[in-house]
Amino acid sequence: RLTLYLGHAVLAVAVAFLFILAGSGLGSLVSSRIAATRKVMGWVAIAISVAIVLLTFLLPIILRSTIHLDEIAKIAIAATAFGPVAVAMGMPFPLGLRLLSRVEATHVPWAWGVNGSISVVSTALATLVMVEFGAIAVLLSAAAAYGAVAFSTFTGVDS
């Protein structure tokens, strides 16, 4: 959708990567100033889940209604759309590592390994789901995954 919106595939990828990577890095930095508790983790996961669902359904409307704007304004709109959710998405892993290090420090290396493995597998899986079922299925699956994290943090069920 961003390719159609911005008119260039390379620009769309650059804009998406820039704001998602910079936002998640900022979220990781900001998370160092937030208490690492299960409750905080749950609320962050809920915020991400809700933001993904909202973006899934509102972003097409926003892009359609602002398609006439110039390129700089469109990039600013993309930053506004992706930035906040990316900041939130940068928080769970560092918060989780801090929480885990207090509870069971010997599991921190495993958390890094699982995170790396899941990152590789989820990228391939997201591509397959995208091809077979579309972008909405990928986004709603991501929202459901964050919802499961929130559920597990509030109920005490380990995820």
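I count rings of Phe, Tyr and Trp (its six-membered ring) as a pair if their centres lie within 6.5 Å, with planes under 30 degrees apart called stacked, over 60 edge-to-face and the rest tilted. With that rule I searched the whole structure and found 2 aromatic pairs.

**Ground rules**

I note that this is a predicted model, in which local features need pLDDT of at least 70 and side-chain atom pairs count only at pLDDT 80 or more, while totals for chains, interfaces and linings use all residues. I number residues from 1 along each chain as its sequence is written, and side-chain values use heavy atoms, with hydrogens and water left out.

**Aromatic pairs**

I looked at Trp43 and Phe154: this pair is edge-to-face, with 5.5 Å centre to centre and 70° between the planes. The pair links distant parts of the chain, since Trp43 sits in helix 3 (residues 38-65) and Phe154 in helix 7 (residues 135-155), 111 residues apart. Helices here are DSSP runs (H or I, at least four residues), strands likewise (E, at least two), both numbered from the N terminus. I list Phe154 as partly exposed, with a relative accessible area of 39%; buried means under 20%, exposed over 50% and partly exposed in between (1.4 Å probe, protein chains only).

I then took Phe93 and Trp112, also an edge-to-face pair, at 4.9 Å centre to centre and 85° between the planes. Phe93 belongs to helix 5 (residues 92-104) and Trp112 to helix 6 (residues 108-133), 19 residues apart, and this pair too links distant parts of the chain. Phe93 is partly exposed at a relative accessible area of 26%.

**Whole chain**

I counted 7 helices and 0 strands. The radius of gyration is 17 Å, close to the 15 Å from the globule rule for 159 residues, so the chain is as compact as a globular protein of that length. That radius is taken over C-alpha atoms, and the rule is 2.2 Å times the number of residues to the power 0.38. Along its principal axes the C-alpha trace spans about 55 × 35 × 25 Å.

How much of the chain is buried? I find that buried residues make up 31% of the 159 residues. The accessible surface comes to about 9700 Å², and 76% of this area belongs to carbon and sulfur atoms; I used the Shrake-Rupley method with a 1.4 Å probe, and for residues only the protein chains shown count as cover.

Among contacts (heavy atoms within 4.5 Å) between residues at least 6 apart in sequence, 77% join residues at least 24 apart.

I also looked up charges: there are 8 positive and 5 negative side chains, and the centres of the two sets lie 10 Å apart. Lys and Arg count as positive and Asp and Glu as negative, without His and the chain ends; each charge is placed at NZ of Lys, CZ of Arg, CG of Asp or CD of Glu.

**Single residues**

Which residues does Ser24 touch, not counting those up to four places away in sequence? I find Ala86, Val87 and Gly90. Ser24 lies in helix 2 (residues 9-31) and is partly exposed at 22% relative accessibility. From Ser24 to Gly90 I have 3.8 Å, C-alpha to C-alpha, at 66 residues apart in sequence.

Ser122 lies in helix 6 and counts as partly exposed at 36% relative accessibility.

Ala148, in helix 7, is partly exposed at 43% relative accessibility. Ala148 and Ile46 are 9.2 Å apart, C-alpha to C-alpha, and 102 residues apart in sequence.
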